[in-house]
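User: Could you take me through this chain? I would like to begin with the overall fold and then look at individual residues.

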Amino acid sequence: MFDQQHASFLVEENRRFAGTGGVSEHNAQARFVPAFQDAHTGQVEISRFRDGRPAPFHLIDGLPEDWIAEIDATGRVVRIKGSIISGFVRFGVFFTRQEASDFIGRS
């Protein structure tokens, strides 16, 4: 979990999990869908574009309003609640990036 959930945290996570099942390009074939979870409530949301369409990668613009901590002057989300973590959903089960990476590594 990150103290400051600025949009740049996704870049850092992608860098950390590059080449593993912890990123969409390496786990989509196993039916992992980019998602987020509120660690406090357990609520899971599929990653979405701002217009509500499912996104093929992690985006914070389509998260529920109550997960958003800061929006810039153009209406883009720049910071989300600290309890939000990125991961994936596979057949209705949430996986953290590390769990997805481990799963793909075992496959």
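Predicted model: local features only at pLDDT ≥ 70, side-chain atom pairs only at ≥ 80, totals over all residues.

User: What is the radius of gyration, and what would a compact globule have?

Analyst: The radius of gyration is 13 Å, which agrees with the value near 13 Å that a compact globule of 107 residues would have. Along the principal axes, the C-alpha atoms fill a box of roughly 45 × 25 × 25 Å.

User: What share of the residues is buried?

Analyst: Buried residues account for 38% of the 107 residues. The chain exposes about 6,100 Å², and carbon and sulfur atoms supply 52% of that area.

User: And how many positive and negative side chains are there?

Analyst: There are 12 positive and 14 negative side chains, with the centres of the two sets 6 Å apart.

User: What fraction of the contacts joins residues at least 24 apart?

Analyst: The figure is 54%, taken among contacts between residues at least 6 apart in sequence.

User: Now to the strands. Is strand 2 mostly covered or uncovered?

Analyst: Strand 2, residues 33–38, is mostly covered, with five of its six residues buried.

User: Which way does strand 2 run relative to strand 6, and how many bridges join them?

Analyst: Strand 2 and strand 6 (residues 84–90) run antiparallel and are joined by six bridges. Within this pairing, Asp38 has Ile84 of strand 6 as its bridge partner.

User: How many bridges join strand 2 to strand 3?

Analyst: Three bridges join strand 2 to strand 3 (residues 44–46), and these strands also run antiparallel. Phe36 stands opposite Glu45 of strand 3. Strand 2 and strand 3 form a hairpin with five residues between the strands, where Gly42 adopts a positive phi near 85°.

User: What about strand 4 and strand 5; in which sense do they pair?

Analyst: Strand 4 (residues 68–71) pairs with strand 5 (residues 77–80) in the antiparallel sense, over three bridges. Ile68 lies opposite Ile80 of strand 5, and Ile71 lies opposite Val77 of strand 5.

User: Which residue in the turn of that hairpin has a positive phi?

Analyst: Gly75 does, at about 90°, in a turn where five residues separate strand 4 from strand 5.

User: Changing topic: where is Phe32, and what does Phe32 touch?

Analyst: Phe32 is located in the loop between helix 2 and strand 2. Leaving out residues up to four places away in sequence, Phe32 touches Asn27, Phe88, Val89, Arg90, Phe95, Ala100, Phe103 and Ile104.

User: Why does Phe32 count as buried?

Analyst: Phe32 counts as buried because its relative accessibility is 4%, and the cut-off for buried is under 20%.

User: How far apart are Phe32 and Phe88, in sequence and in space?

Analyst: Phe32 and Phe88 are separated by 56 residues in sequence, while their C-alpha atoms are 5.7 Å apart in space.

User: And Ser24; where is Ser24 found, and is Ser24 buried or exposed?

Analyst: Ser24 is in helix 2, residues 24–27. Ser24 is buried, at a relative accessible area of 14%.

User: Which residues is Ser24 in contact with?

Analyst: Setting aside neighbours within four places in sequence, Ser24 is in contact with Pro34, Pro56, Phe57, His58 and Phe88. Phe88 is also among the residues that Phe32 touches.

User: Back to backbone angles. What is phi for Arg31?

Analyst: Arg31 has a positive phi of about 70°, although Arg31 is not a glycine. Arg31 lies in the loop between helix 2 and strand 2. With a relative accessibility of 58%, Arg31 counts as exposed, since the cut-off for exposed is over 50%.

User: Where does Phe91 lie, and is Phe91 buried or exposed?

Analyst: Phe91 lies in the loop between strand 6 and strand 7 (93–96), and Phe91 counts as exposed at 60% relative accessibility. Phi of Phe91 is near 50°, again positive in a residue other than glycine.

Notes
Residues numbered from 1 in each chain as written. Heavy atoms only, no water. Rg over C-alpha atoms; globule rule 2.2 N^0.38 Å. Buried < 20%, exposed > 50% of the residue type's maximum accessible area, 1.4 Å probe, protein only. Contact = heavy atoms within 4.5 Å. Areas by Shrake-Rupley, 256 points an atom, 1.4 Å probe, with all protein chains shown as cover. Lys, Arg positive; Asp, Glu negative; His and termini not counted. Charge placed at Lys NZ, Arg CZ, Asp CG, Glu CD. Helix = DSSP H or I, 4+ residues; strand = E, 2+ residues; numbered from the N terminus. Pairing = 2+ DSSP bridges.
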